[in-house]
Amino acid sequence: ISDQKPLGCWSVKHGQILTCPVVCNFETHEYIAVHDDKVLRIWKNEDLNLDKAFKATLSAEVYRIHSLPQGGPLVLFRGGGVRALDVLLEAPQQEIENLISAEAIRWSGAFMEGQEPVLIFTTQKDKDFFVYVQKPKLNSLHKYKLEQQKLARPLCFTAHITNQTVTLLCLYSNHSVYQVLIPLQQDTEEEEQKEEEILSKSLLLYLSVSGAALKGTSLVVLDKDHVAVLGNVPDPGKKPKEYLTIWNTKFQTLQTSKELPLGTSGQLWCYEEKFFLIHGKVLTVIMYKCETSSLAAAVGKLKDSQTLDVSSFVNWSTLEDEELMVSCESQESVALKAESRMNLRSNRSTGQSGTLSVGQLLVRLKGTSNYVVETELKKLMARAPTPDLQATIGCVVTALTDRCKRNPKFYPQNLLQEIVETRDLSYSLCPDLMAVALEQKDLQLLQICLERFPDIPEETIYACLKAFLSMSEDHLKSVDINLDSAICYIDIECNDMEVKTEILENGFSEEMDQDMCDTKIPKESRSDGESCPVGLQKAALLNAVLHSAYTETFLLPHLKNLPAQQAILFLRYLYYLYVKCSEKVNTTLPGIRSPTINQIMDWMCLLLDAQFTVMVMLPEAKDLLSNLHKFVRAQVRFYSELNKIEGSLQELQRLNHLRESQTYSIEVLEII
């Protein structure tokens, strides 16, 4: 979430439908999903193809799977039956009892009471609502009927368990939250529930924001004294305003609220003191902190400086950053109208004061010269750090890139490089920056972005790789590029006649491998792993690509489109790096931000996966693949030999500890 990067993607076949939310098994670190109501799928993060994952067809339709950190996954069926996942997998076709034939489940939740899992779910039959409390381990089930409310109906439920009592919170259509207390009964074998008990409810909260009733759509419990409600307030003649609100249930007060102008999906999730909600087109994560409930905190009268006040109960900066980015265009238009009414003197005074709003700054940057742009941005970056300064700078960079797209002659190269180098920006804050840099062939800026941005899309990484490989070496020599990642292991001038090194490459030598090969290695191909196939500048740019974070599933389709000659050149460079790393005992290349052995191997495997058919069919790739195969095979054999003497080395180490440290001796040990 922090890097805003997808880490995995799985899909069912065409025509299949995921019919309940996917959960994670905390004990086995596996994902559990159900498609087409009855088909259970279980897979791990490294599994790429969902169709090849574990599959079990069940005898009844699944409503939800609940995963508990200590209790393991519980499967709730649409008929009200509950099974532990382990029990279900022993016999997937076992018969599942139908407890609620004429009712439909509306909500369910799983909790731990001590060491015992408890599953609660609510059902609806016509206008009646029922509550079921089930203890799967004890095979215990209790059914209750919810007291009806005139002219109102439940919209959603949530619950928590405290001191053997279930507190069920119900959000109703009359802008109210009601509380229902259900004691967890201690069951005995002979005890049976003869009649369903009617549960009475009590009014907990009436929801209103700024005097207007809040129509809630989602309700979550934060702790025993606080709840969060997502809802909207009608605005006559306009679209309803949506709010996220935090309520103190102990004192029945509104703790804090925030308008969500970009709109939501009506759903709110809460996990480990973080809210998750869809705001506009993105998943937003908002941190919060529940303080000990007190009357002073509830009414916002805290005087203790060490205790959070009402406004800092929730960190709204995430939302404010998003709103700032989305509202850039609207601020531009508002500021443009305001600025058109200013006279020259007011313009000058505003410029001297250095307190331009974001919208006014965007207008100022829209058509002025490079000098004015640079002056205004230096003022902006000199401001004292504020929570929204990063988003503001990102917004300004976006405005600059928009101007670059409209006017290709305008390109403040040095200014953009300075901003990226001095500010912790990300791709998502200025999504068009790298696209503009590619159009302008600004290789230095692309290198900086690849090294600094944690959330670059795989499509953009591929575009940079393709651009770097297509550049001529002569052109690159005239470009100012940071060479720190490559200059320590690549010779600037490669001689045609090189003296063969006597150092074995982690046990590899050509003579050592001759007994395994029928044909001798051609003299001209021996230099593939000794001389760098690309120039110093191109090597530094390719190293920046190797450092970029990526997800294999999303990058592989793009690499398949890489032209064959470029793919061979890139593989030759990766092979060169692989040999260079293997020359070192610690398999580490010298230099700043040099590629690691893991990065080199991952990219080499990825490139071979994407281009293997092309590589096999191209004659010019034959020698390269052959040499790569021989080198890897020799290394495997070398490490295999090391494994054989591992026991002897450990025994020598043990004997060394047994000797007296004061005794001086010279010993010659022969390993046979």
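I began with methionine 112, which stands opposite proline 117 in E9. The model is predicted: local features need pLDDT of at least 70 and side-chain atom pairs 80 or more, while totals for chains, interfaces and linings use all residues. Residues are numbered from 1 along each chain as its sequence is written, and side-chain values use heavy atoms, leaving out hydrogens and water.

Next I looked up the strands (DSSP runs of E, at least two residues, numbered from the N terminus; helices are H or I runs of at least four). E8 and strand E9 (residues 116–125) run antiparallel and are joined by nine bridges. For pairing, DSSP must find at least two bridges between two strands.

Then I followed the open sheet of five strands, E8-E9-E10-E11-E15, and noted its mixed pairing. Its edge strands, E8 (104–113) and E15 (197–199), each pair on one side only. A reminder to myself: strands of a sheet pair through backbone hydrogen bonds, either parallel or antiparallel.

Leucine 171 has valine 177 in E14 as its bridge partner.

Last, I visited helix H18 (residues 597–617), where phenylalanine 612 sits.
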